[in-house]
Amino acid sequence: MDLKERVCGELQKEVPKGASFTNFNTQHQQKWEDPSSTSDYSTRIEPPFQAFNQTSQTQSLLLCNNQIKVPMQDGSVNDLLQASKIQDWDPSAMLNNLSFLGQKIHQLQDLVYLIIGRKGQVLGGPDELLVQQQQLVTADLTSIIVQLISTAGSLLPSVKQTLSAATTSLGQCGEFGGVVFPSSAQGLNDGVQPQNAGGSKVSEPPNSVDITSNNGNEQSNHIIEEHELKDEEDAEEGENLLPGTYEILQLEKEEILAPHTHFCTICGKGFKRDANLRMHMRGHGEEYKTPGALAKPTKESSSEPTIIKRYSCPYAGCKRNKDHKKFQPLKTILCVKNHYKRTHCDKSYICSRCNTKKFSVIADLKTHEKHCGKDKWLCSCGTTFSRKDKLFGHITLFQGHTPAIPSDEIKAAPAGTSDGATNKVGSVNFNLSSYVSSESEVQSSSMDIKGGIDDAVGYFSPLSFDTCNFGGFHEFPRPPFDDSESSFAFLLSRSCNYSQKSGEE
Amino acid sequence: MLSFQSSKNLLSLTEDLLVRIYELLAAESDRKSFRLVCREFRRIDTLTRRHLRVIRIEFLPILLRKYPRLQSLDLSACPRIDDGVVSLLLTRVGPGSNSPILGHWAWGLKSLVLSRATGLRFSGLEMLARACPCLESVDVSYCCGFGDREAAALSSAVGLRELNMDKCLQLTDVGLAKIAVGCSKLEKLSLKWCMEMTDLGIDLLCKKCVDLKYLDVSYLKVTNESLHSIASLLKLEVLGLMACPLIDDVGLHFIERGCPSLKVIDVSRCEGVSSSGLIFVVRGHRNLLELKAGYCLSELSTALLHQMKNLNHLEVIRIDGARISETSFQVISANCKSLVEIGLSKCLGVTNMGIMRLVSACINLRVLNLTCCHSITDAAISAIAYSCRSLVCLKVESCNMITEKGLCQLGSFCLLLEEIDLTDCCGVNDKGLEYLSRCSELSCLKLGLCTNISNKGLSYIGFNCLKIHELDLYRCTGIGDDGLEALSNGCKKLRKLNLSYCNEVSDRGLGYIGRLEELSDLEMRALHKITGVGLEAVAVGCKRLADLDMKHCEKVGDSGFWALAYYSKNLRQINLSYCGISDMALCMVMGNLSRLQEAKLVHLSNCTVEGVELALRACCVRIKKVKLFAPLRFMLSSEILEILHARGCIIRWD
């Protein structure tokens with residue numbers, strides 16, 4: 001929290017001076033002339049802008065109704081502004097943070113009191129209410145825990161460096177954005193836009209001065225963000241933004257992993273989407289039901305020129321990290337989140353069906369579970385495919401690979417039929433002990449056929465076949481002719497006498 | 001009888017000369033006579049024999065031992081072949097086999113015909129495929145139960161070049177992929193009626209088997225995507241697309257640009273194909289030899305005709321069912337001079353003048369199909385006879401205006417004529433047959449519904465056309481016993497005879513039929529005069545009888561059927577519907593005829609359910625197809641139905 005505001009302070013300090021702008025511009029040109037100076041450029045100049053844009057961006061994303069907290073935080077902001085240059089751990093900032101947390105805990109306390117008080121009054125649907133209350137408290141507690149962790153995180157040695165200090169502040173900025181930022185904005189603008197909470201664009205001065213031509217781009221970017229499209233990280237792979245034409249923002253690990261980014265200023269409940277928060281706010285009073293309060297906050301400021309924002313992964317050495325030689329920025333916060341979780345986090349979600357596939361993004365797991373078990377297209381190499389055309393593409397590509405026929409089919413189709421039925425056939429028609437009564441026997445080992453030459457005779461000879469055949473009549477469940485035996489015997493003697501013809505044509 | 005001198009001369013012939021003589025004997029009966037001459041000749045037969053078609057499986061082990069140099073084995077007539085038989089054959093060959101090497105016969109085998117071997121399953125098939133290292137050609141057509149496992153088994157025959165999988169109904173893309181990957185040398189593949197096949201399988205096939213020269217995907221529900229894949233086959237010469245409902249002109253557009261070696265294309269009965277699609281094909285393939293487009297064109301359009309001018313090598317064209325104008329004939333005859341076969345069956349607009357123009361230039365014509373071209377008369381036939389001296393086959397079914405004059409011309413000029421279809425030509429009379437009998441090469445004569453012919457006319461045929469092997473006398477009510485007598489005296493080679501509804505034929509006539517030793521197919525529906533005596537004569541005399549249809553022969557008694565059961569050991573198909581056969585006789589027929597594969601047993605008034613059940617039990621190991629009275633479905637025991645199903649038998653309920 002302190003860090004974030006410190007950055008804002010930094011920003012405020014630099015912006016009026018105009019120094020950073022000149023500086024930026026020179027760096028900018030330098031960058032164009034000599035790409036090798038990229039790292040220098042990004043480390044020295046970029047953080048303030050990055051931080052700045054991040055804040056503006058979160059602000060634009062979130063509708064923050066923070067009026068309650070604003071007065072409370074004004075003082076601390078001013079304090080912070082003075083101490084903003086300090087890069088190391090700042091006890092006063094920490095104190096600030098803790099006092100904020102204390103306040104939140106008090107709020108939660110009040111809420112619980114309120115719940116206890118209401119309990120007697122509410123008549124209908126007590127269960128439902130209880131659940132809601134429980135959810136509220138849980139959400140509040142979660143947000144407090146997260147904030148506590150991130151405050152403690154600022155004490156870690158790794159974040160004591162200049163650069164990461166700035167980015168840590170960003171992380172917190174994103175996390176508390178909805179809650180805290182407007183107050184600092186007010187501090188920044190010093191009453192220019194005093195009560196225009198939430199929707200106010202803090203970033204006017206730098207943007208209007210610097211990059212105006214990217215307005216259109218920025219617009220489209222906003223649309224994407226607002227709809228929270230599941231942008232794949234690689235989606236912007238083809239995008240060829242020249243370095244320097246966009247701002248690089250870097251969220252901190254904690255912020256990326258935070259479950260919620262939007263918090264209700266009244267009850268503290270966390271939300272993943274601002275729209276959901278806005279819907280939630282309606283329950284807190286009539287004033288939140290106005291079209292203005294319910295409208296998307298970015299719409300009103302859409303005409304103002306903005307700068308393209310791209311995101312950097314906080315993981316050092318990652319291709320998505322801005323320090324990487326072939327840095328490829330991420331397009332949206334969602335991209336950052338998914339990228340970070342997928343690439344740098346443990347895959348803690350395991351598919352319950354197959355118990356093999358692991359995911360770090362729960363949405364990926366859900367997508368997988370939809371198709372898990374449907375991978376019936378199997379290649380001889382062991383690879384499975386959910387779609388036949390994918391399997392066939394694979395087979396086309398790799399020499400010698402063939403589709404595998406599932407093994408359960410072996411038992412089902414031929415053996416199953418032959419086991420049952422052919423056995424019957426054998427028992428009905430072939431009484432020779434040597435006859436191979438079941439096909440499965442033959443299948444298991446072609447060499448394992450009992451007996452000697454007689455077997456083959458029994459198998460092939462029409463005479464012995466027919467003999468058994470008619471002998472087998474006795475075994476029929478319903479022998480219709482009682483006196484049939486004699487007549488058949490007579491017939492057989494004739495048919496035996498019938499000269500055997502050669503079997504060729 | 002050979003004199004002493006000549007027999008000495010014969011024996012002085014060296015072995016290789018005898019082998020040469022033997023190899024010149026085309027007909028199986030001649031070869032049989034050859035090997036019966038003496039031991040030495042029989043030894044030559046044993047050593048030289050390459051092909052074996054087995055009709056009685058019980059002799060298979062002995063035969064396989066006897067002929068060690070077999071290259072081609074045809075087991076399509078063995079209904080009882082299954083995995084166990086294959087296993088035994090490969091384990092030891094016959095009783096007293098002194099050959100220590102297992103399955104020695106299989107080593108040199110190149111061709112294997114297992115058509116309709118419905119008892120066989122993948123394990124047997126795999127044993128065969130592995131035992132025959134030289135296998136190049138396999139035919140498993142009409143093995144309806146065959147699917148992916150069987151295809152996988154076949155794919156272990158790596159050297160396979162030709163494969164026929166028509167009507168392997170369970171085959172899917174997966175099985176085809178197995179074959180495509182395993183048998184990459186495949187040159188000829190037929191997949192007719194493999195209804196599960198989709199574009200994916202065909203696409204993979206075209207990518208893996210680039211040497212394909214012949215591909216038949218007729219009746220499949222494949223789309224233009226498949227044609228896109230097929231177009232990439234550089235060596236493809238023959239492409240069969242008959243009755244593919246989802247293929248249209250767009251697909252043929254791919255063919256225009258692909259398949260550079262294409263020689264033959266068949267798009268008959270493709271509903272989506274129009275003349276513009278054919279224009280694509282013709283435009284892309286100037287060297288096309290055969291264009292078969294029956295029943296897919298409504299009209300032979302001028303645009304298509306214009307493109308066809310460039311097909312100078314075209315030998316076969318079939319445009320059955322299309323409307324065609326007289327000028328079109330002019331264009332075809334002027335440009336396609338090498339035409340050998342023209343199919344104009346059911347074409348509209350075929351006139352005498354058109355035919356005259358056509359044949360004026362196409363003098364090499366050998367096959368002409370004018371079925372249902374009702375307006376042609378003797379003038380057209382005369383023109384054909386005069387121009388096309390090498391005509392071999394002429395089909396003029398339902399051309400009512402043909403009379404003895406036309407046949408006279410044919411008998412005078414077309415002396416090479418082998419096949420003529422005069423079904424439903426009521427202008428044909430005894431005099432016409434007299435003229436026609438001058439065509440001594442005639443082997444197939446169809447006179448169905450020609451009610452104006454009598455015994456006299458048939459006697460001309462019996463006297464002159466000694467090579468006839470197929471004769472259709474369906475509903476020739478003028479034919480009686482005397483005609484059959486003349487026939488049996490002359491046409492000793494007769495293999496297929498249809499006497500259905502020739503009411504005059506009696507037991508005496510069937511007695512003459514019994515003299516035809518070569519007869520294998522006999523259809524004699526509704527001969528009300530015949531009794532068991534006649535049937536016995538046929539059964540005793542026609543030893544090769546394989547297909548007998550005697551539906552509605554109600555007077556035939558059990559004595560005839562018993563004779564049938566004793567003597568007609570080679571019978572494969574029988575139709576006994578509406579016959580007065582008793583339970584006992586049915587059991588005897590079904591049980592004793594060890595080669596029987598198909599039986600139609602509908603409306604057997606003297607039979608009980610138990611009798612039918614017993615009969616089915618007696619034949620269930622080998623029967624492949626049986627047609628039964630529908631209510632029996634619920635009366636027969638489920639056990640027998642299961643057994644039949646397990647053996648791959650198809651039951652049709654009527």
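# Briefing on a predicted two-chain model

B:M197 counts as buried, with a relative accessibility of 2%, where buried means under 20% relative accessible area, exposed means over 50% and partly exposed lies in between, using a 1.4 Å probe and protein chains only. This is a predicted model, in which local features need pLDDT of at least 70 and side-chain atom pairs count only at pLDDT 80 or more, while totals for chains, interfaces and linings use all residues. Residues are numbered from 1 along each chain as its sequence is written, chains are lettered from A and ligands numbered from 1 in the order in which they are written, and side-chain values use heavy atoms, with hydrogens and water left out.

**Chain A as a whole**

- The secondary structure of chain A comes to 21 helices and nine strands, where helices (H or I, at least four residues) and strands (E, at least two) are DSSP runs numbered from the N terminus.
- Chain A has 505 residues, and 48% of them are buried.
- Of the contacts in chain A between residues at least 6 apart in sequence, 65% join residues at least 24 apart, a contact being heavy atoms within 4.5 Å.
- An unreviewed UniProt entry carries the annotation "domain: C2H2-type" for residues 262-289 of chain A; such positions are given in the numbering used here, feature names are shortened, and annotations may be inferred rather than shown by experiment.
- Across residues 262-289 of chain A, the chain is 29% helix and 14% strand, with its end C-alpha atoms 18 Å apart.

- B:M197 sits in the loop between β6 (188-190) and α10 (199-208) of chain B, and its C-alpha atom is 8.2 Å from that of B:L176, a residue 21 places away in sequence.
- When residues up to four places away in sequence are not counted, B:M197 touches B:L171, B:T172, B:D173, B:L176, B:I202, B:L220 and B:V222.
- B:H603 lies in the loop between β22 (598-601) and α26 (609-619) of chain B and is partly exposed, with a relative accessible area of 32%.
- The C-alpha atoms of B:H603 and B:Y578 are 5.0 Å apart although the two residues are separated by 25 residues along the chain, and B:Y578 is joined by B:C579 and B:F629 as contacts of B:H603, leaving aside neighbours within four places in sequence.

**Helices and how they pack**

- In helix α15 (residues 326-335) of chain B, the buried residues are B:S328, B:F329, B:I332 and B:S333.
- These residues lie on the same side of α15(B), because they cover an arc of only 125° around the axis, the arc being that of the directions from the helix axis to the C-beta atoms.
- The partners of this buried set in α15(B) are α14 (302-308) and α16 (352-361) of chain B.
- Helix α7(B) is largely enclosed by the rest of the structure, because seven of its ten residues are buried, namely B:F122, B:S123, B:G124, B:L125, B:M127, B:L128 and B:A129.
- Helix α16 (residues 388-397) of chain A and helix α9 (residues 173-182) of chain B have axes that come within 12 Å and cross at roughly 0°, where axes are lines fitted to C-alpha atoms, for helices over the stretch in contact, and angles run from 0 to 180 degrees between N-to-C directions.
- That crossing makes α16(A) roughly parallel to α9(B), since angles under 35 degrees count as roughly parallel, over 145 as roughly antiparallel, 65 to 115 as roughly perpendicular and the rest as oblique.
- In this pair, A:K388, A:F392 and A:I395 of α16(A) make the contact with B:D173, B:V174, B:A177 and B:V181 of α9(B).
- Within chain B, the axes of helix α23 (residues 532-541) and helix α24 (residues 558-567) come within 7 Å and cross at roughly 10°, which makes α23(B) roughly parallel to α24(B).

**Backbone angles**

- Most residues other than glycine have a negative phi.
- B:R116 has a positive phi near 65°; this residue lies in the loop between β3 (111-113) and α7 (122-131) of chain B and is partly exposed at 41% relative accessibility.
- B:Y295 has a positive phi near 55°, is found in the loop between β10 (290-292) and α14 of chain B, and is partly exposed with a relative accessible area of 39%.

**Cysteines**

- Over all chains the structure holds zero disulfides, a disulfide being a pair of cysteine sulfur atoms within 2.5 Å.
- B:C134 is in no disulfide, and the nearest cysteine sulfur, that of B:C132, is 8.6 Å away.
- B:C134 is partly exposed at 36% relative accessibility.
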